[in-house]
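This report describes selected features of the structure shown below.

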Number of protein chains: 2
Amino acid sequence: MAETTSAPTMKDVAREAGVALGTVSKVMNGIPVGESYRVRVEEAVAKLNYRVNSYAKGLKTNRTYTVAVLVPNLVSPFFAKLVNCLNRSLSARKHRMLLFATDYDPAQEQEYVILAEQQKVDGIICLSYNPALKVSESVPLVSIDRYFGAQIPCVSSDNYGGGRLAAEKLIENGCRNLAFMRIGSKLTNEPNKRKDGFISACEALNVPYTLKMVDDFTPYSAFEEFLREHLRGGKLDFDGIFCVTDALAYQTVRSLRSMGVRVPEDVQIIGFDGTQYFGDQDYFCSTIVQPLPEIAETCVDMILEKGLSKAPSLVCLPVMYAYGGTTKA
Amino acid sequence: MAETTSAPTMKDVAREAGVALGTVSKVMNGIPVGESYRVRVEEAVAKLNYRVNSYAKGLKTNRTYTVAVLVPNLVSPFFAKLVNCLNRSLSARKHRMLLFATDYDPAQEQEYVILAEQQKVDGIICLSYNPALKVSESVPLVSIDRYFGAQIPCVSSDNYGGGRLAAEKLIENGCRNLAFMRIGSKLTNEPNKRKDGFISACEALNVPYTLKMVDDFTPYSAFEEFLREHLRGGKLDFDGIFCVTDALAYQTVRSLRSMGVRVPEDVQIIGFDGTQYFGDQDYFCSTIVQPLPEIAETCVDMILEKGLSKAPSLVCLPVMYAYGGTTKA
């Protein structure tokens, strides 16, 4: 434990090392100086336990080495893993993460953007459901999943390709009558393209399909009713269902089994996200896996390295299919 | 979108409002001034879109309104939910969270503590597995689960009580030969008391028990071998198992079922943590639920409100039992 005396300053380091203040400053900022000077400064830093005051540094360089991350919550495994990947990507570049769980509250989200401006973060990476979110141009911002318009870069999975892939896999596994079930936002967001990709593959391969789509905040029971309507003599009209998320797929499997329908023997189910038990064990269901490490790396790269002025307005990263027991293969 | 002109200063606000600089400062810091002055300052702030530069403020007041949170990762649902609760508790008090996922790397953890010192955070809340973690007394620190010694307050669940409760529930449900399985740290940490509580209840109620405890980094197969050793003619020696975490309970249920042992008919299983599918759906197993919102609130309260000089060295918060399908009740 250090003694609680007042913290040493750069001047104390210069005095201890017997060098000019400018030399200490150069060493602290990684600017080359003579080897013997560097060693003397580093020894003095170690001896005095000198720490750069990053608030003072932040004022001077106008960089905080901090990026704000906004997500709805960390209870959903998808958001939690995304934040985990962003944290790693930022750490690898010696940046810190200011984390805000917005809890889907638009007012709170806006407040966080203002807070971020006050803090002068180097950037914001956000997954927002706020249709009216206002962001100052002075804060570099990358959006995940939600498309705000050409001036704000958006990074996401290839949701369209994922929708296609889900339909193709179900058909490849022998399904001949498909359904797509979605609960989701009306906003222009990338996950909505899962439906379009699904439809395009069904039409290309000439397989009939039915859509059941409800808005956010509609209870799950709406899907259970839909399934019951299509249950005739213990047999479901569909032999393959693509669910917009693994969470919905999980509930759907439970519902079907409680109705006496076997999964995957009678009906095959594919979800979306790539959610694993306890974060790193089996998949909850057969699923389209989102490339979260790559999404995180791309966002951090844009904010910190490449800058946003020349960034594309949309970057879609490749997904893959993973077998998880709710399909035949 | 705001125009990208240079940011207005407190002087600009004073000029716009026609008041003294000190008056603006008072209003910004919540110090009472005459009502008409306050209104004029607030109108000027709104008109100019003035934002407090919290870096400058941090230098002056020596407060950053930021707390660093260190956890191993966010992939484990337990850590993710803990961070979610901490984020809420901090937000409710207008504080921000600097989040570090340490990935169990002791060197990285130490680096983060140093970073936190540089950043001059108002405090650190950490769940650390680093036996040699060095913390400066100048940084208020609250530890979750890991007991560092009397000078650093530790907040955790009532792990001892939880261990007792697990044994009592199994016995209440008819079990007459129990086992406890643990994978865990050798460090002085609170979760290790789950074993002691379990043993105390078995002894008080005169029920025999067997312990199988392995260190971190031992593969799960060690438990599978243990179970096989106790499997005679398709029947397990134990009729109740308390697993140190829900993750271990989940794997144990799978192993037993693959050996043809029925859960909960032949063997009842209780885990620990209170992990739910997708963060808010069913419990993975019958479990001892950790009070994460209360743990988070207690940590934040200690760091921000009560101060640490008079804090108790250990606070244990009450757990509860939840039925999750792997016991008879």
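## Salt bridges

In this predicted model, the side chains of R262(A) and D266(A) meet in a salt bridge, with an N to O distance of 2.9 Å. R262(A) counts as partly exposed because its relative accessibility is 48%. D266(A) is likewise partly exposed, its relative accessible area being 32%. Over all chains, a search of the whole structure finds 30 salt bridges.

In chain B, a salt bridge forms between K47(B) and E16(B), whose closest N and O atoms are 3.0 Å apart. This pair links distant parts of the chain: K47(B) belongs to helix 3 (residues 35–48) of chain B and E16(B) to helix 1 of chain B, 31 residues apart. The relative accessible area of K47(B) is 61%, so this residue is exposed, whereas E16(B), at 38%, is partly exposed.

## A tie between a loop and helix 11

R93(B) and E297(B) form a salt bridge in which the closest N and O atoms are 2.4 Å apart. R93(B) lies in the loop between helix 5 (77–92) and strand 2 (96–101) of chain B, and E297(B) lies in helix 11 (residues 292–306) of chain B, so the pair ties together parts that are 204 residues apart in sequence. E297(B) is partly exposed, with 34% relative accessible area. In chain A, R93(A), E297(A), D301(A) and E305(A) are joined into one network by salt bridges that share partners.

Twelve strands form an open sheet with mixed pairing, in the order 13(A)-5(A)-4(A)-3(A)-1(A)-2(A)-2(B)-1(B)-3(B)-4(B)-5(B)-13(B). Strand 13 (314–317) of chain A and strand 13 (314–317) of chain B stand at the edges; each has a single partner strand, so one side of each is left without a neighbour in the sheet. From one strand to the next, the twist averages 25°. In general, strands of a sheet pair through backbone hydrogen bonds, in either a parallel or an antiparallel manner.

Several pairings in chain A can be followed strand by strand. Strand 3 (residues 123–126) of chain A runs parallel to strand 4 of chain A, and three bridges join them; I124(A) has L141(A) as its bridge partner in strand 4 of chain A. Strand 4 of chain A is in turn joined to strand 5 of chain A by two bridges, again in a parallel arrangement, with S143(A) opposite C154(A) in strand 5 of chain A. Four bridges then connect strand 5 (residues 154–157) of chain A with strand 13 of chain A, and these strands run parallel. The bridge partner of C154(A) in strand 13 of chain A is L314(A).

S91(A) is placed in helix 5 (residues 77–92) of chain A. This serine counts as buried because its relative accessibility is 15%, and the cut-off for burial is under 20%. When its neighbours within four places in sequence are left aside, S91(A) is in contact with Q108(B) and Y112(B).

## The six-stranded sheet of chain B

Chain B also contains an open sheet of six strands, ordered 7-6-10-11-12-14, with mixed pairing. Strand 7 (209–215) and strand 14 (320–322) of chain B are at the edges, each with a single partner strand, so one side of each is left without a neighbour in the sheet. The twist averages 20° from one strand to the next. Strand 6 (residues 178–184) and strand 10 (residues 240–243) of chain B run parallel and are joined by four bridges; L178(B) has G240(B) as its bridge partner in strand 10 of chain B.

Helix 7 (residues 159–172) of chain B packs on this sheet and touches strand 6, strand 10, strand 11 (268–273), strand 12 (287–289) and strand 14 of chain B; its direction makes about 165° with that of strand 11 of chain B. Helix 10 (residues 246–258) of chain B also packs on the sheet, touching strand 6, strand 10, strand 11 and strand 12 of chain B, and its direction makes about 155° with that of strand 11 of chain B.

## Packing of helices 1 and 2 in chain B

Helix 1 (residues 10–17) and helix 2 (residues 21–28) of chain B pack at an angle of about 110°, with their axes 9 Å apart. Helix 1 of chain B is therefore roughly perpendicular to helix 2 of chain B. M10(B), K11(B), V13(B) and A14(B) of helix 1 meet L21(B), V24(B), S25(B) and M28(B) of helix 2. The residues of this contact comprise six nonpolar, one polar and one charged.

Technical notes: Residues are numbered from 1 along each chain as its sequence is written. Chains are lettered from A and ligands numbered from 1 in the order in which they are written. This is a predicted model: local features need pLDDT of at least 70, side-chain atom pairs count only at pLDDT 80 or more; totals for chains, interfaces and linings use all residues. Side-chain values use heavy atoms; hydrogens and water are left out. Axes are lines fitted to C-alpha atoms, for helices over the stretch in contact, and angles run from 0 to 180 degrees between N-to-C directions. Angles under 35 degrees count as roughly parallel, over 145 as roughly antiparallel, 65 to 115 as roughly perpendicular and the rest as oblique. Contact means heavy atoms within 4.5 Å. Ala, Val, Leu, Ile, Met, Phe, Trp, Tyr, Cys and Pro count as nonpolar, Asp, Glu, Lys and Arg as charged, and the others, Gly among them, as polar. Two strands pair if DSSP finds at least two bridges between them. A salt bridge is a side-chain nitrogen of Lys or Arg within 4 Å of a carboxyl oxygen of Asp or Glu. Buried means under 20% relative accessible area, exposed over 50%, partly exposed in between (1.4 Å probe, protein chains only).
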